[in-house]
Amino acid sequence: MTAPTLRTHPLVLRRLEVARTATVNARTVRVTLTGEQLDGFRAAGRAQPAFASPAFDDHVKIIFADGGRIEDALPVQLPHGIEWPRAENRLTRDYTPRAVRAEARELDLDFVLGHQGPAAGWARRARPGDAVWIVGPKSSTVLPAGLDWIVLLGDETALPAVARFLEERPTTAPADVYLTIGDPAARVDLPTRPGDRVHWIEDPEHDQGTPLRLIRDHPWREGAGYVWGAGESRALLPVRRHLRNERGLDRARISVTGYWHESAPEPRAGPGGPPGVPELGSATVAWFAVRAALRLSVLDTLAGAGRLPLPELAARAGVAPAGLGPLLAVLAARDIVELTADSVALGTAGAELVNDEHAREGFDGFDAEVLLSLAALDDTLRHGASGWARSHGATAWEAAAQDPEIYGEFVERGEALGFVLDALAAEPAVATAGHIALSGPGAAVVADVLRDRGVTARLTVTGSGTALGVLRPRVRSHGIGFVAGRVPADLAVSALALGPRTDEEAVAALASLRAVADTLLVVESLRPDELGQGAADQGVLRMALTGAPPRSPAAVRALAEAAGWRFDRGVALGWGYEALALTSTRGG
């Protein structure tokens, strides 16, 4: 299966001003931004490109200061990208450009006023001349060619993207549009064409089951199509699952994105999970109970069968009813299941959990295995031993070499690398190389970006058979070679290959690359993502995985020197990523 195709753009911080505001309807205000930095301009020592938003569902990130100075909340502009240093007062929100008029230097953003938050509040108060800072778009969706139909599903927050799609029409395929609104006043005129079908659904209660019912009842057209959806994140989870599992649509033909998240009361969510699912730190017993229920297929069985008698559920799980009873009691206390005197059914939190692949990972997947590695954290801190190796009998990298799912986890975690590689493509060593050998979980991303940026060198992705089996389907560019093992080249690029390795494995991997080329670019994430959550937790989890603390540029330099490389210079790529340029020391 292929992933949706994205076209990446250079990340540029732009200072703009409010030109005017206008009322779209009783629930929406349009803010028109303007400024010289919508054109190309110089920053960080180079010419930055003009603002571009070629796709209907692009988004820009607006930066707000939650008290304090806005200057302290802004990212740092690099020559090729941006860096997000820690900022206690930073708030960001993503919005779809409703319209771009490049010649007039104008950008329209629509804000739904029914949503509480910094963006809606700012839009209400916005006046001509007010300054605002934006970043992006970082990427644009490229629709598959030859579409016979497209379905657009969304709530009020999706209206700007839907209206822009219908105006700009990136495909001639007829569109089926489903728009759920909380008030009739939210309706807008939409520029449809013959064959389009638009459905307005008034849902003042914001029923989270509405999107799934709409997509299940949809009369599907013949041929190849595409489904795009946006709205409240949890309401869209079952839609995504239905399209993949029941409709059988390929990932490349689905783009369903949570634009916002409805607030929910305590109890708090578990690792990546929905409300009601317990956190490991606050309810260890409950976390293990959820893990057991997933591994025994208890929750999936209930999702497929509805309410079941306890003996039948126990039989399907392959356990004794007497043993399953205490487990269910723990789950029922947290709305994972519902218990009656003679039967069991999924609770609200359980239904959300089985539909959320990301949340499940926190209990029964790679994320859970890393969490279990924390059991040996004291040994890791004393001796630098990998908790993963102690728990699994092999290091994480050894496991990845045999298990495509684990290697695939490392590849997916590196997908963000594609947004920050402009500086790498501009490196002199890349521009002058006739043949570049790429290795590591980020190799597919690097190959595609180098081709997109006009690099004409021969590109070869190298690695184990397991690695190539995962990476090959992810490369969308033509003419990329794949070779098991090592292949001599003018330049070697190691992309995210050190992060999952222990220090000893990292030194060995770097040493082996001396047989490939005398020049090496090592690309790694060397600073935490300060836009994300839980950076401190990620540092501890990293130690459990490899036995080493998160590596700084100096730490990677030390590993490289131990492997026979000389450090030449570091190149900041943005978002915590850095490329280290190394030269082989002869005679080692």
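Reply: One term to begin with: a polar contact is a pair of N or O atoms within 3.5 Å; within protein, one must be able to donate a hydrogen and the other to accept it, and residues adjacent in sequence count only if both atoms are side-chain atoms. This is a predicted model, where local features need pLDDT of at least 70 and side-chain atom pairs count only at pLDDT 80 or more, while totals for chains, interfaces and linings use all residues. Residues are numbered from 1 along each chain as its sequence is written, and side-chain values use heavy atoms, with hydrogens and water left out.

Me: Which backbone oxygen lies 2.9 Å from a polar atom of the side chain of glutamine 77?

Reply: That of glycine 81. The glutamine 77 side chain also reaches the backbone oxygen of leucine 11, at 3.4 Å.

Me: Is glutamine 77 buried or exposed?

Reply: Glutamine 77 is buried, with a relative accessible area of 16%. Buried means under 20%, exposed over 50%, partly exposed in between (1.4 Å probe, protein chains only).

Me: New topic: what is the strand order in the open sheet of five strands?

Reply: The order is 16-15-14-17-18, with parallel pairing. Strands are DSSP runs of E, at least two residues, numbered from the N terminus, and two strands pair if DSSP finds at least two bridges between them.

Me: Why is one side of strand 16 and of strand 18 left without a neighbour in the sheet?

Reply: Because strand 16 (197-202) and strand 18 (254-260) stand at the edges, each with a single partner strand.

Me: And how many bridges join strand 15 to strand 16?

Reply: Six. In strand 16, tryptophan 200 is the bridge partner of leucine 179.

Key:
Helix = DSSP H or I, 4+ residues; strand = E, 2+ residues; numbered from the N terminus.
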